[in-house]
Amino acid sequence: MTPAAAIALPRVIGHRGAAAVAPENTLAGLRAARDAGARWVEFDVRLSADGAAVLAHDPTLERIAGRKARIGRLTAAALAAHAVPSLDDALALCAALGLGANVEMKYCGRRSPALARAVAAAIRRAGAPPPVLVSSFRPSLLLALRVAAPAIPRGLLMSRLRPGWRGRLRAVRPAALVCGARRLTAPDCAALKATGLPLAVYTVNDPNLARRLWLWGVDAVITDDPGRLVGADRDG
Ligand code: G3P
Ligand code: MG
């Protein structure tokens, strides 16, 4: 892996595993994505109290377990009891299932650099990790990852194209771009693809929208329901 290594993304990436059909960001979700035919999954990571990267979207357990406890205040072992897996376990499962992993680092305030280091360490520990793309909305997190492990491919996440996005790209030197679908236009896609980088778009659950995005040059759609979209490029 080199910093500029090209990364090949599949047409369909499961979002938070396969959030439409299995609990999000769980090992069961990763298996469900694979069963639905996905070749890659996206999942979110945060930092546990004892410094492990764990799979979680929100800063608290409230939405997934009805408890207000903060992810960052619980140990990885305590979180595992709520079906919140460690990144180590998720990467091991992805490798076993032949799934690529888009690891999205969530902003954790002052602990964000520690999260980037924990992600780098988990990928290093994985030995023969699955293909990975580590993404974030926060350039500071991607820069912390670059310091910790320059060879891990980085993905620059943008909810939409704002003025100044090219400056962010120059700073981060990503291997791929990940952009929100909501306001994305064909000219936006053309501009993003003109960078020469692979482009993934989230969250796309409608096969017609997926087909339009693929026609616009989007490489991968990130979807809650991979079973609906795998093969959609052949049906329409
Ligand atoms: O990584 C793409 C997408 O997951 C970003 O939004 O809020 O679902 O993590 P969110
Ligand atoms: Mg995410």
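Me: What do buried and exposed mean here?

Reply: Buried means under 20% relative accessible area, exposed over 50%, and partly exposed in between, with a 1.4 Å probe and protein chains only. This is a predicted model, where local features need pLDDT of at least 70 and side-chain atom pairs count only at pLDDT 80 or more. Residues are numbered from 1 along each chain as its sequence is written, and side-chain values leave out hydrogens and water.

Me: Is R16 buried or exposed?

Reply: R16 is buried, because its relative accessible area is 17%. R16 sits in the loop between β1 (12-14) and α1 (27-35). Helices (H or I, at least four residues) and strands (E, at least two) are DSSP runs, numbered from the N terminus.

Me: What is the phi of R16?

Reply: About 55°, a positive value, although R16 is not a glycine. A83, also not a glycine, has a positive phi near 65°. Look for A83 in the loop between α3 (76-80) and α4 (87-97).

Me: Which residues does T60 contact, beyond its neighbours within four places in sequence?

Reply: Contact means heavy atoms within 4.5 Å. T60 touches R67, K68, A69, R70 and I71. T60 lies in the loop between β3 (53-55) and α2 (62-65). T60 counts as buried because its relative accessibility is 18%.

Me: Where is R182, and is R182 buried or exposed?

Reply: R182 is in the loop between β7 (176-180) and α8 (186-193). R182 counts as exposed because its relative accessibility is 81%.

Notes: Chains are lettered from A and ligands numbered from 1 in the order in which they are written.
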